[in-house]
Amino acid sequence: MARPERDPYVAGVLLSIDRLAAAAQRALDLAWAKAGATAPNPPVGCVLLDGAGEILAEAAHQQAGGAHAEAAAIALCRTAGSLNLARAAVVTLEPCSHVGRTPPCADALLATGIELIIIGAPDPHPRAPGRGFEILEGAGRRVLSFWDLDHTQAQRLARSAARLIEPFACAVRRGRPFVTLKTALTTKGSMIPPFAQKTFTSETSLAHAHALRRRADAILTGSGCILADDPAFTVRRVPDHPGKRRILAILDRRRRVPDAYFASARARGLEPRRYEGLEAALEDLGAAGALEVLVEAGPTLRHAVLKSGLWDEEVIFQQATSPGAADETRIVRRDGAAPFVDFTHYTLELA
Ligand SMILES: NC(=O)c1ccc[n+]([C@@H]2O[C@H](COP(=O)([O-])OP(=O)(O)OC[C@H]3O[C@@H](n4cnc5c(N)ncnc54)[C@H](OP(=O)(O)O)[C@@H]3O)[C@@H](O)[C@H]2O)c1
């Protein structure tokens, strides 16, 4: 027997919980696909529904300076001539209430007939906590969070929305980017590649490593890694975000990295910068708007980063012990929370 449609949330709007949950998933998928493309802004996705729960428009924030997800979805709906039909908006992040490079999204929603707004995560920015909720509710709109959905997937959807903006939350609350270490270990647990090799993990691990790089706004490395491997630090095994430019932060107190390496990095589209210390580097990267930093360094700098406490997550690719077997991937969080990295999202991004 088909599951009955549960009560609509808003008088006159016939929306089933299943449709709202599906729209939440779609908004998350759209946003995850842009993770790494939007700094210093967070990735956001938005889906607009009519009174029967049909999708009218969907959009994600593409990059800083571009339209926010809600404004983009509203514009699409308007262009299609269906904005008058829009009754609900499902958005992965609380709509902004401040005037930035673009007008506030809370106001843009209020200018429509949308009666129900369902939000994935509260805005973590300390400048106006809960203000988007207040503005919308104050104007008589019904506002719910993903947690409020009476659906088996509600918690998973809400957690995904929170995870999506974790680098942004880290940047605005702690004043430094979210720091991920990427570490490859041989079967014997060494980071040093076998003679005359630069890599030793499987094709899948290498693709995952490039997916991590794709999302990073900056790569942080040490002089030892550069002198040993002359690494390109470009995104090659997966498609990159179009036009994305990354900072390459090089810790090099003794200035051993030659000018020629800086020139070649620039020629590859990177922005190399030399630093004397980890804290100074992270401070500068944060000031430059980086949300995510990927540490790709040898054992000396890896150890220093782990000891400093200035990191959030480590992704360890452990080489398989027998040929043909899969590498083991371990994800370690400094704070013991659920891992941020989830390679299913990368699969989605790259689909
Ligand atoms: N398996 C992996 O995941 C992986 C990844 C990358 C590289 N590697 C391998 O690692 C090897 C190189 O190892 P490595 O340890 O020499 O390279 P590294 O950790 O990348 O670089 C070490 C250098 O970074 C500089 N540095 C600047 N600030 C530092 C700080 N606060 N703490 C520590 N170091 C700082 C130091 O030079 P100054 O004193 O001049 O500043 C130090 O000698 C190569 O064989 C490479 O293939 C492996």
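Author: Start with helix H8. In this predicted model, H8 gives the most to the shell around the ligand, with 5 residues. H8 runs over 223-229. Strand E6 (178-185) and helix H11 (299-308) also each give two or more residues to that shell.

Now look at the shell as a whole. There are 23 residues around the ligand. They divide into 12 nonpolar, 6 polar and 5 charged. The ones that come nearest are Ala184, Asp229, Arg253, Thr300 and Leu301.

Next, the polar atoms. Take alanine 184. A polar atom of its backbone is 2.8 Å from a nitrogen atom of the ligand. Threonine 300 uses its side chain instead: a polar atom there lies 2.5 Å from a ligand oxygen atom. Arginine 254 also has a polar side-chain atom by a ligand oxygen atom, at 2.9 Å.

How much of the ligand does the protein cover? On its own, the ligand has 920 Å² of accessible area, and the protein covers 85% of that. As for its place in the protein, the ligand sits in the largest pocket.

One last stop is glycine 277. Find it in the loop between strand E9 (271-275) and helix H10 (278-287). Its relative accessibility is 22%, so glycine 277 counts as partly exposed. The cut-off for buried is under 20%. Then compare glycine 277 with valine 315. The two are 38 residues apart in sequence. In space, their C-alpha atoms are 23 Å apart.

Notes:
Residues numbered from 1 in each chain as written. Predicted model: local features only at pLDDT ≥ 70, side-chain atom pairs only at ≥ 80, totals over all residues. Heavy atoms only, no water. Helix = DSSP H or I, 4+ residues; strand = E, 2+ residues; numbered from the N terminus. Buried < 20%, exposed > 50% of the residue type's maximum accessible area, 1.4 Å probe, protein only. Near = heavy atom within 4 Å. Polar contact = N/O pair within 3.5 Å; in protein donor to acceptor, adjacent residues only side chain to side chain. Areas by Shrake-Rupley, 256 points an atom, 1.4 Å probe, with all protein chains shown as cover. 1 Å grid on protein atoms, 1.4 Å probe; cavity = no way out; pocket = protein on both sides within 12 Å on 5 of 7 lines; lining within 4 Å. Sits in = over half its atoms within 2 Å of the grid points. Nonpolar A, V, L, I, M, F, W, Y, C, P; charged D, E, K, R; others polar.
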